[in-house]
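Work through the exercises below with the sequence and the model open. Try each task before reading its solution.

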Amino acid sequence: MNVRYIDAHCHLQFEQYEKDGEELIEKMSQEGVTGIVVGCDLETSEKAVALAEKYEHLYASVGLHPNNAGHEIFDEEAYRALAMHPKVVAIGECGLDYFRPIEMNDEVKHTQKELLHKHITFAASLNKPLIIHCRPTKGTTDAYRDLIEILKEAKAVHPKLYGDIHFFVGDVEDAHALIALDFTLSFTAVITFARDYDEVIKAVPLASILSETDAPYLAPASRRGKRNDPLAAIEVVNKIAEIRGEDAELVREALLTNAKRVFAL
Ligand SMILES: [Zn+2]
């Protein structure tokens, strides 16, 4: 397969693809779209690995999402066994989510931070990149502040630590701080209809940007409100080029190179 696009973050193992997943994955192959199938707990991580094993153009990431911190204990040995698979190219999604929990307090934050720490040590021990989910309280960048602090401390202990900040929604300052810590920023198809991300997309180096979809969530303008899929990575790449005022082919090649570098594909 001639790889043209990489969706750095999708959930093809979710039940939303139960009926037509195979067809869709075949279509991805025809369009030259490779996908990183990201786990959110042990079960979805196992399913991600199974898909990556079955299809040449799919890879997997294994980890425990912060919103699942309350209902699963991070079993490092179980995740390590999965991570040994040659198609597991990252650890995550892990991170901080101050947006979604119904009841947000210091204890919830503490639990999320502890879980993130475990993923950091785990990824460092495997020399694999982290896929980080970071969502602040509405109207703030609080989770990014905490994340940057945590990653700074972690870099002092694990200087080679690196990865991708998935669905980046922070400001330019957060973006530069995270890039300085060896993280790329990935953008979803939300950029096709919301203008909140343009400033950051224009402000950061092209080498620090990845394309992603977070499918089945966040469908592009062309099918807003419907189920999303990794083919939307094509629209994401084109929109990034448009926002930056750069040649679409040049941007496509750069984003492909970036993802290959981060995930060692
Ligand atoms: Zn996700």
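**Exercise 1: the last helix**

Task: find which residues of helix 9 are buried, and decide how they are placed around the axis.

Solution. The buried residues of helix 9 are Val251, Leu255, Leu256, Asn258, Ala259, Val262 and Phe263. They span an arc of only 160° around the axis, so they sit on the same side of helix 9. The arc is that of the directions from the helix axis to the C-beta atoms. A residue is buried if 20 or more other C-beta atoms lie within 10 Å of its own, exposed if 12 or fewer, and partly exposed in between, with C-beta atoms placed from the backbone. Next, turn to the face directed away from the buried side: it carries the exposed residues Glu249 and Leu250. Now check the length. Helix 9 covers residues 248-263, 16 residues in total, and reaches 22 Å from its first C-alpha to its last, close to the 22 Å expected at 1.5 Å a residue. The expected span is 1.5 Å times one less than the number of residues.

A note on the model: it is predicted, local features need pLDDT of at least 70, side-chain atom pairs count only at pLDDT 80 or more, and totals for chains, interfaces and linings use all residues. Residues are numbered from 1 along each chain as its sequence is written.

**Exercise 2: the sheet**

Task: state the strand order of the open sheet and its pairing sense.

Solution. The order is 1-2-3-4-5-6-7-8, with parallel pairing among the eight strands. Strand 1 (5-10) and strand 8 (209-211) are at the edges with a single partner strand each, so one side of each has no neighbour in the sheet. From one strand to the next, the twist averages 30°. Strands pair if DSSP finds at least two bridges between them. Helices (H or I, at least four residues) and strands (E, at least two) are DSSP runs, numbered from the N terminus.

Then go through the pairs:
- Strand 2 (residues 33-38) joins strand 3 through four bridges; Val38 stands opposite Ser61 in strand 3.
- Strand 3 and strand 4 share three bridges, and Ala60 faces Val88 in strand 4.
- Strand 4 and strand 5 share five bridges, and Cys94 faces Ile132 in strand 5.

**Exercise 3: around strand 4**

Task: is strand 4 largely enclosed or left open?

Solution. Count first: 10 of the 10 residues of strand 4 are buried, so the strand is largely enclosed by the rest of the structure. Helix 4 (residues 106-126) lies across strand 4 (88-97) and strand 5 (130-135), at about 160° to strand 4. Angles run from 0 to 180 degrees between N-to-C directions, with axes fitted to C-alpha atoms, for helices over the stretch in contact. In helix 3, Tyr79, Leu82 and Ala83 are buried. They fall within an arc of 95°, so they line one face of helix 3. These buried residues pack against helix 2 (42-54), strand 3, strand 4 and helix 4.

Key
Two residues are in contact if their C-beta atoms, placed from the backbone, lie within 7 Å.
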